[in-house]
Amino acid sequence: MKRLLVGLIVLVLALVVLGAAALLLVDANHFRPQIQASLGKALGREVSIGTLHMSVWTGSLEADQIRIGDAPAFGRQPFVSARSLDLGVKLWPLLVHRELHVTSLTLDKPVVRLLQNRKGDWNFAGLGGAPAPTEHGASGASTGLTVDRLRISDGRIELTRMAGDRKVYDHVQLSADHVGTQAAFPFELKAGIAGGGTLALDGQLGLWRAGNAVLTPVDAHLVMHDLDLVGAGLMARDSGVGGVLDLDTQIASAKGVLRSKGRIDARKLQLVASGSPSPQPLRIDYQADYPLNAGTGRIANTVLHAGAAQLSIGGSFDNRPAVMRMDLKVKGQRQPIDDLQPLLPVFGVILPKDSRLAGGTASMDLTVRGPLDALVIHGPVSLDGTRLAGYSLGDKLGGALALAGVKAPKDTVIRHAEAMLTISPRGIDADPAKAQIAQLGSFTGKGRMAADGALDFRMLVKLDEGITGAGQGGQGLAGLLGGSKAGGALGGLIKGMSTNGVGVRVGGTASAPSFKLDPKAAVGLLEAGTRGNGTQPAAKPPADSGKDVLNNLLQNALKPKQPTSGH
């Protein structure tokens, strides 16, 4: 028995050695035409492979290179080219019956070119060959190749859309099992994004739609980290805007419509060149529908979160240009201003140095249109019950209010403010704009802040009647100053600042605004103050007297107060 067992072992070893020797004697290139034809028929593309080598121990065929041709309408460069191909096959059927049964396919360092023509068609749409006819004559899935195990190692995807923009994804790793055109199959894909970000996509793909692969259903989970909007080519590098996104979303494609729903965390987001990056992360819960053949989509049920503040977003986008175009509505009613602070620099709103808005609410109804890197934002914005902490508007008005005996509060308390804003790459226009400032009065007018922060506003300022004494039968400050010609003129001016108002021009920069009286408005009010209260105008003062009062006033008015000495 022992001799029999030894004999059987020797026989088996001999058969293995003979089989290995036989395989080594087989010229693997003899099967290359058949393999090229089989792969080409399954893919619907011309396939060429380099010199084949037989690997006895792994039961696979190794090729020096592989090229998969592109559709004729997309040029002569290959759709896929790879440095090497490892093709796992069932050797016995191949050697004896010349039948190709692929068990695995591994591409090393492949380059995949994804192209879109001017009609919006993709070069991968025809993969899989012509669809096989069904029993009723309709087209169905093709009867292509089935691969138990597909792997791509350190690949590269070059994507060029009809707008001409080009995006590159490096270090692509793809793993898919039971790949075929007859059933859905699981896959995992990882890649590096230009600009330093990463992409991970996993889910189910199929049933494959031969003849129009764009219609192939997908159900997958997409995660992106550190997506740089400029580095990834989503915004122009010289636009002055940008941001970094983390995205976690579920995507599902059926009948050519891609639906996604998930969350975006935005860091250092800046949407206008005149602004600055958000100091805090922002969260966007979004939902979008995107018909793949149309290149345009809809955004709905989307909310921008900034702390407890929530702004609703809805509208459409157009992905056909090189930079995506938006047409959105952004709405929010009575949102807490404290939580909206991180959004102010995103939209180019600059506050005076060392100040901030505190308390109160903000409301807005905005349209957002244009390319993603050159948006134009337009609509009404209002503030209620807030204060500009760390900035005293009354103090900045200086001597004019000191003459009126007004003690300026430490902060600027805004009862109500509203403006029709237009925010664009050129800056911010407010036309019209008005505000009610506690212990001061009302401001109405219009103006703009340029992209560099320079201010040019023309405002009509009306002081509260409680400050000037207007309407108090001469008992207020204006009445007390009426005892002399000069005092009467000044009293008339101060009274006029509540009844008629006085022109003020706001210049400087948003971080350091400056205020100047409009001389024409001041002279008009001064002349009105010398007429008295009777029906007949008062005797006109000497020509120089009015000028002297005006000059003295203008020398002190709107001039920052000097710090007092420590002595």
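Which residue forms a salt bridge with Lys-109, and how far apart are the closest N and O atoms?

Analyst: This is a predicted model, in which local features need pLDDT of at least 70 and side-chain atom pairs count only at pLDDT 80 or more, while totals for chains, interfaces and linings use all residues. Residues are numbered from 1 along each chain as its sequence is written, and side-chain values use heavy atoms, with hydrogens and water left out.

The partner of Lys-109 is Asp-154, and the closest N and O atoms of this salt bridge are 3.6 Å apart, where the term stands for a side-chain nitrogen of Lys or Arg within 4 Å of a carboxyl oxygen of Asp or Glu. This pair links distant parts of the chain, since Asp-154 lies in strand E9 (residues 147–160) and Lys-109 in the loop between strand E7 (102–108) and E8, 45 residues apart; strands (E, at least two residues) are DSSP runs, numbered from the N terminus. Asp-154 is partly exposed, with a relative accessible area of 27%, and Lys-109 is also partly exposed, at 34%, on a scale where buried means under 20% relative accessible area, exposed over 50% and partly exposed in between (1.4 Å probe, protein chains only).

Another salt bridge joins Arg-113 to Asp-70 (3.6 Å, N to O). Because Arg-113 belongs to strand E8 (residues 111–115) and Asp-70 to the loop between strand E4 (66–68) and strand E5 (80–82), this pair ties together parts that are 43 residues apart in sequence. Here Arg-113 is buried, with a relative accessible area of 12%, and Asp-70 is buried, with a value of 12%.

Notes
Helices (H or I, at least four residues) and strands (E, at least two) are DSSP runs, numbered from the N terminus.
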